[in-house]
Amino acid sequence: MKKAAALPDESAVVPVEDDDVFRGTWQTCSTEVTPRMSATGFVFAQRLQSHLEIPVGLIDANKGGSPVHTWYAPESLRILEAPRDSMRNMYNAMIRTYRDFPIKGVIWYQGESNAWTVESSQNYAAEFKAMIQGWRHDFHDPEMPFLFVQLTAYERNPYHQGVTYPILRDSQAAALELNHTSMAVAIDLGDPTNIHPPYKLA
């Protein structure tokens, strides 16, 4: 998906990053497309296709550095008893348009952008669960599988003497209280000098 934001139920979208590679249509994994897409998503889809022995389509909708609230469905705000957000967000532009599309599940890799403070890291537990529930509500699928990666090891956590990432990892695990969720623990597979470890094949 092109990286964009919109208000709920608004057709006009605002680009958040220029990208002329993604066209918002099905594209083959060409040498032009693959380097620009999610490496984790690519490896997951490749292995899933090999296991199932059927074609697999991956909707690549991501934006580096985006905090969880930019992916809230309207229902997420209701769950959190938060004011209706009048700001455009990426869920509305990049995910909500697929509400009637028969997707099989979601894979998710995010979190460090919510680890600014101890409080924001603790709040992530409720916010992440509300995000998942909001998506499931919008897709009319209360059992939609939601698989996510816990933050990897990273020695350069700059926030509060490095204590926020462990707190956020614990908050991520709270989402396992929801049915049909699963967490990949990657703390022993990461690169302590790179929050986005390059080796995805382990």
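The chain carries 17 positive and 24 negative side chains, and the centres of these two sets are 3 Å apart. These values, like those that follow, come from a predicted model. The accessible surface of the chain amounts to about 11500 Å². Carbon and sulfur atoms contribute 54% of that surface.

The overall fold was considered next. Five helices and five strands make up the secondary structure of the chain, and their order along the sequence is β-β-α-α-α-β-α-β-α-β. The chain has a radius of gyration of 17 Å, close to the 17 Å given by the globule rule for 202 residues, so it is as compact as a globular protein of that length. Along the principal axes, the C-alpha atoms of the chain fill a box of roughly 45 × 40 × 35 Å. Of the 202 residues in the chain, 39% are buried. Among contacts in the chain with a separation of 6 or more, 66% are made by residues 24 or more positions apart.

Two residues were examined individually. Tyr 91 lies in helix H3, which spans residues 90-95. The relative accessible area of Tyr 91 is 0%; because buried residues are those under 20%, Tyr 91 is classed as buried. Beyond its neighbours within four places in sequence, Tyr 91 is in contact with Thr 70, Trp 71, Tyr 72, Ala 73 and Pro 74, and also with Arg 96, Trp 135, Asp 138 and Phe 139. Of these partners, Trp 135 and Asp 138 fall within the residue range of helix H4 (118-138). Tyr 91 and Ile 187 are separated by 96 residues in sequence, and their C-alpha atoms are 28 Å apart in space.

Ser 113 is located in a loop, between strand E3 (106-108) and helix H4 (118-138). With a relative accessible area of 13%, Ser 113 is likewise buried, since this value is under the 20% limit. When residues up to four places away in sequence are not counted, Ser 113 touches Gly 65, Ser 66 and Pro 67. One of these residues, Gly 65, also takes part in an approach to the side chain of Ser 113, which reaches the backbone oxygen of Gly 65 at 3.2 Å.

Taken together, the two residues are both buried, Tyr 91 in helix H3 and Ser 113 in the loop between strand E3 and helix H4.

Key: Residues numbered from 1 in each chain as written. Predicted model: local features only at pLDDT ≥ 70, side-chain atom pairs only at ≥ 80, totals over all residues. Heavy atoms only, no water. Helix = DSSP H or I, 4+ residues; strand = E, 2+ residues; numbered from the N terminus. Rg over C-alpha atoms; globule rule 2.2 N^0.38 Å. Buried < 20%, exposed > 50% of the residue type's maximum accessible area, 1.4 Å probe, protein only. Contact = heavy atoms within 4.5 Å. Areas by Shrake-Rupley, 256 points an atom, 1.4 Å probe, with all protein chains shown as cover. Lys, Arg positive; Asp, Glu negative; His and termini not counted. Charge placed at Lys NZ, Arg CZ, Asp CG, Glu CD. Polar contact = N/O pair within 3.5 Å; in protein donor to acceptor, adjacent residues only side chain to side chain.
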